[in-house]
Amino acid sequence: MPSLRELYPIPDIDPCWTVPQGFEAAFDWDYDDGRKQMMHLYQKGKDMQWDALTRVDWDEQLGEENPMGIPDELSGIYHTPVWGKMSDKEKAHCRRHFQSWTISQFMQGEQAALICAAKIVQQVPDLDAKFYASTQVMDEARHVEVYKKFIERFDVAYPMTKPLQTLVDQALRDSRWDMTYLAMQVVIEGLALAAFNNIRETASNPLAQMVNAYVMQDESRHVAFGRVTLRDYYPQLTQAERDEREEFLVEACYHMRDRFEGREIYEHLGLPVDECVAAQQQSGYMQAFRSMLFQRIVPIVRDIGLWSDKIQAAYDKMGVLDFANTNYDALVARDNERAEEFDEINRQKRQAYVEEVAALGASGPAAE
Ligand SMILES: [Fe+2]
Ligand SMILES: [Fe+2]
C-alpha cells in the first residue's frame, strides 16, 4: 500500500501541516446525567460504529475510463472547446483526475474533522457533549480510513485545496469552542453531506455509491450534534456575539461557494486554468450544484438561532434562503435508508456466494 504522498501529482508537498492552538481544556466535575437528546445521540454513536474493512464490498472495482461512472455532462468543462478537442484517452485521464480530486478533498476534510472533533472533546464544557464528540473522533478516523482505501484505487490523490485549508485553519485557530463547531459541524460537514450526496446519487459505480452512503449515515449525526449543542448555547450570548457568528457564517458560505474551484487540477493537467474555471462557474449544472451545497446548512443555521434579518438577506442574495424550509429529518431518514440498502445488497451477495460454494461442494467429489 503506497503512501499517498507518492500519489500526489504536485511536487514538494509538506508532509505535515501544523496549526497553533491556544485554548483552555475544560473538565466537568458535575457528572450529571446529561441532556436527553445528547445522550441519545451518544448512544447512537456507540451503536452505529462500523468497520470499513468488512462493511464495504471492496471486491467492487472502479471503471477504467470513468472510475466512478459520473456522467460527463456533470463536468464543469463539458461544453467547452477544451473538452471537445480531447481524445478519448485524454478524457479518461481528466475524469480520473477530476474524480480523484473530489474524493481527495473528502479524505482531507475527514482528517480535519478528526482533529476538530478532538479539539471539541477538550474544550466543550459539558461532559455529555464530550461523550458524544469522542464517538465522532472515532467516526472521523474511520472515514479517513475508508476514503484513503478508496482513493488508492484511483492511483492519484490531491492535497487539501487551499480554500478548504483556510476554513479549517480558522476552525482550529479560534480559541472559542463554538466557532470550531460552527465551521466544522455546520459549514464543512453541511457542505460535505451535499457533496457526498451528489456522488451517491449521480455515480453509477457501486463502490463509489456505497462508500459515500455509509459515511453519510454517520455525518447526519455529526450535524445533529452541532445543532443540539449550539441551539442551547447561542441564546446565552449577547446580540453582538451572535452577530459576529452570523458574519462568520455568511463569509464562510461565500468563501466555499466561490473559491472551491480546483484550480490545481487544471494546472496539473496543463489545461487553460482561467478558461476552465470560468466555464465551470457558468455551467448550469455547477451553478445548481453550488446552490444545493447549502441545502443542509441553511436549515441548521435557522434552527440554532443565528437567524437575524441580516443573515436571511445574505442567504436570499445567494439564492439559498428557501432551503430554510427543508425537511431535514426526511433527508436524514433517506440517508439511513440508502446505507441500509447497501447492507442488504452486500448481504444478498454474500448469501449467493455461500450457496454457490455449497452447490459446488454438493456436486463435486466427496471428501476422502
Ligand atoms: Fe466524517
Ligand atoms: Fe463528520
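In this predicted model, the axes of α7 and helix α8 (residues 206-233) cross at roughly 150° and come within 9 Å of each other. Angles over 145 degrees count as roughly antiparallel, and α7 and α8 are therefore roughly antiparallel to each other. Their crossing is left-handed. The residues that form the contact of α7 with α8 comprise 14 nonpolar, 8 polar and 4 charged.

Helix α7 (residues 177-202) also packs against helix α6 (residues 162-173), at an angle of about 145° and with the axes 7 Å apart. Here α6 passes α7 in a left-handed crossing. On the α6 side the contact is made by Leu167, Gln170, Ala171 and Leu172, while α7 contributes Met179, Thr180, Ala183, Met184, Val187 and Ile188. Of the residues in the contact of α6 with α7, 8 are nonpolar, 2 are polar and none is charged.

The composition of the two contacts is set out below.

Leaving aside residues up to four places away in sequence, Ile297 touches Val186, Val187, Gly190, Leu191 and Cys253. In soluble globular proteins, nonpolar side chains tend to be buried together.

Conventions: Residues numbered from 1 in each chain as written. Chains lettered and ligands numbered in written order. Predicted model: local features only at pLDDT ≥ 70, side-chain atom pairs only at ≥ 80, totals over all residues. Axes fitted to C-alpha atoms, helices over the stretch in contact; angles between N-to-C directions. Helix = DSSP H or I, 4+ residues; strand = E, 2+ residues; numbered from the N terminus. Left-handed = near helix turned anticlockwise from the far one by under 90°. Contact = placed C-beta atoms within 7 Å. Nonpolar A, V, L, I, M, F, W, Y, C, P; charged D, E, K, R; others polar. Parallel < 35°, antiparallel > 145°, perpendicular 65-115°, else oblique.
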